[in-house]
Amino acid sequence: MESVPMRITHQRKVILEELKNLGNHPTVDEVYIAVKKRLPKISMSTVYRGLEVLSKNGYIKKLETIDTQKRFDDNVTSHYHFYCTNCGNIKDAPIKPENLGKLQKEIGEIEKIMEDSGYKVDGYTLEFFGVCKDCDEK
Ligand SMILES: [Zn+2]
Ligand SMILES: [Zn+2]
């Protein structure tokens with residue numbers, strides 16, 4: 001992947017700040033609504049493009065999830081997600097890559113099988129889904 005050094009424009013700074021304020025892996029719509037409060041003239045496509053550029057440059061992460069809506073994450077460290085099938089919220093799973101221990105080694109072996117079969121693997125996602133704590137308490 002090629003990345004051109006990014007200009008942090010004022011708009012992108014606001015997008016980044018609002019993404020961090022929202023937390024909880026907001027959708028493009030949610031970021032747009034928040035940003036629009038500060039920059040009333042901004043368009044949806046500018047926000048979307050801003051998010052794409054920020055993620056390409058490693059400031060944020062684009063989530064690859066089973067959710068159909070595109071979501072973004074201000075946590076760029078390696079972590080896993082829990083998707084609530086009841087409320088649709090995505091939370092960071094309380095595990096770290098090192099918690100996976102043996103599994104991670106095995107995934108490495110699986111990746112090797114993939115590569116040996118001619119697939120160029122860039123990574124994998126591990127996603128948990130079920131009912132989150134908030135929904136479970138209701
Ligand atoms: Zn929930
Ligand atoms: Zn996350």
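Helices (H or I, at least four residues) and strands (E, at least two) are DSSP runs, numbered from the N terminus. The structure is a predicted model, in which local features need pLDDT of at least 70 and side-chain atom pairs count only at pLDDT 80 or more, whereas totals for chains, interfaces and linings use all residues. Residues are numbered from 1 along each chain as its sequence is written, chains are lettered from A and ligands numbered from 1 in the order in which they are written, and side-chain values use heavy atoms, with hydrogens and water left out.

The protein contains 5 helices and 5 strands. Read from the N terminus, these elements follow the order α-α-α-β-β-β-β-α-β-α. The C-alpha trace spans about 50 × 45 × 25 Å along its principal axes. Of the 138 residues, 33% are buried; buried means under 20% relative accessible area, exposed over 50%, and partly exposed in between (1.4 Å probe, protein chains only). Contact means heavy atoms within 4.5 Å. Among contacts between residues at least 6 apart in sequence, 50% join residues at least 24 apart.

Val-47 lies in helix 3. With a relative accessible area of 0%, Val-47 is buried. Leaving aside residues up to four places away in sequence, Val-47 touches Ile-15, Val-31, Tyr-32, Val-35 and Ile-42. Val-47 and Gln-11 are 36 residues apart in sequence, and their C-alpha atoms are 8.2 Å apart in space.

Two packed helices are described by the angle between their axes and the distance between the axes. Helix 1 and helix 3 pack at an angle of about 80°, and their axes are 10 Å apart. Axes here are lines fitted to C-alpha atoms, for helices over the stretch in contact, and angles run from 0 to 180 degrees between N-to-C directions. Helix 1 and helix 3 are therefore roughly perpendicular to each other; angles under 35 degrees count as roughly parallel, over 145 as roughly antiparallel, 65 to 115 as roughly perpendicular and the rest as oblique. On the helix 1 side, Gln-11, Arg-12, Ile-15 and Leu-16 meet Thr-46, Val-47, Gly-50, Leu-51, Val-53 and Leu-54 of helix 3. By class, this contact has 6 nonpolar, 3 polar and 1 charged residues. Ala, Val, Leu, Ile, Met, Phe, Trp, Tyr, Cys and Pro count as nonpolar, Asp, Glu, Lys and Arg as charged, and the others, Gly among them, as polar.

Helix 2 spans residues 28–38, and its buried residues are Val-28, Val-31, Tyr-32, Ala-34 and Val-35. These buried residues pack against helix 1 (10–22), helix 3 (44–56) and strand 2 (72–73).

The model also holds zinc ions. The zinc ion (ligand 1) is coordinated at 2.3 to 2.4 Å by the SG atoms of Cys-84, Cys-87, Cys-132 and Cys-135. Donors are N, O and S atoms within 2.8 Å of the metal (3.2 Å for Na, K and Ca); water is not among the atoms, so sites may look incomplete. The 4 donor atoms around ligand 1 subtend angles of 104 to 115°, which makes the arrangement tetrahedral. Four donors count as tetrahedral if all angles lie between 85 and 135 degrees. Along the chain, the donors of ligand 1 have the spacing C-x2-C-x44-C-x2-C. Distant parts of the chain are linked by Cys-87, in the loop between strand 3 (81–84) and strand 4 (90–92), and Cys-135, in helix 5 (residues 133–137), 48 residues apart. Cys-87 counts as partly exposed because its relative accessibility is 38%, whereas Cys-135, at 11%, counts as buried.

The zinc ion (ligand 2) is coordinated at 2.1 Å by His-25 (NE2), Asp-73 (OD), His-79 (NE2), His-81 (NE2) and Asp-92 (OD). The spacing of these donors along the chain is H-x47-D-x5-H-x1-H-x10-D. Here the link between distant parts of the chain joins His-25, in the loop between helix 1 and helix 2, to His-81 in strand 3, 56 residues apart. His-25 counts as buried at 4% relative accessibility, and His-81 counts as buried at 9%.

Most residues other than glycine have a negative phi. Asn-24, although not a glycine, has a positive phi of about 55°. Asn-24 is located in the loop between helix 1 and helix 2 and, at 35% relative accessibility, counts as partly exposed. His-25 also has a positive phi of about 55° and is not a glycine.

Notes:
Four donors count as tetrahedral if all angles lie between 85 and 135 degrees; four count as square planar and six as octahedral if opposite donors are over 155 degrees apart and all others between 65 and 115; anything else is irregular.
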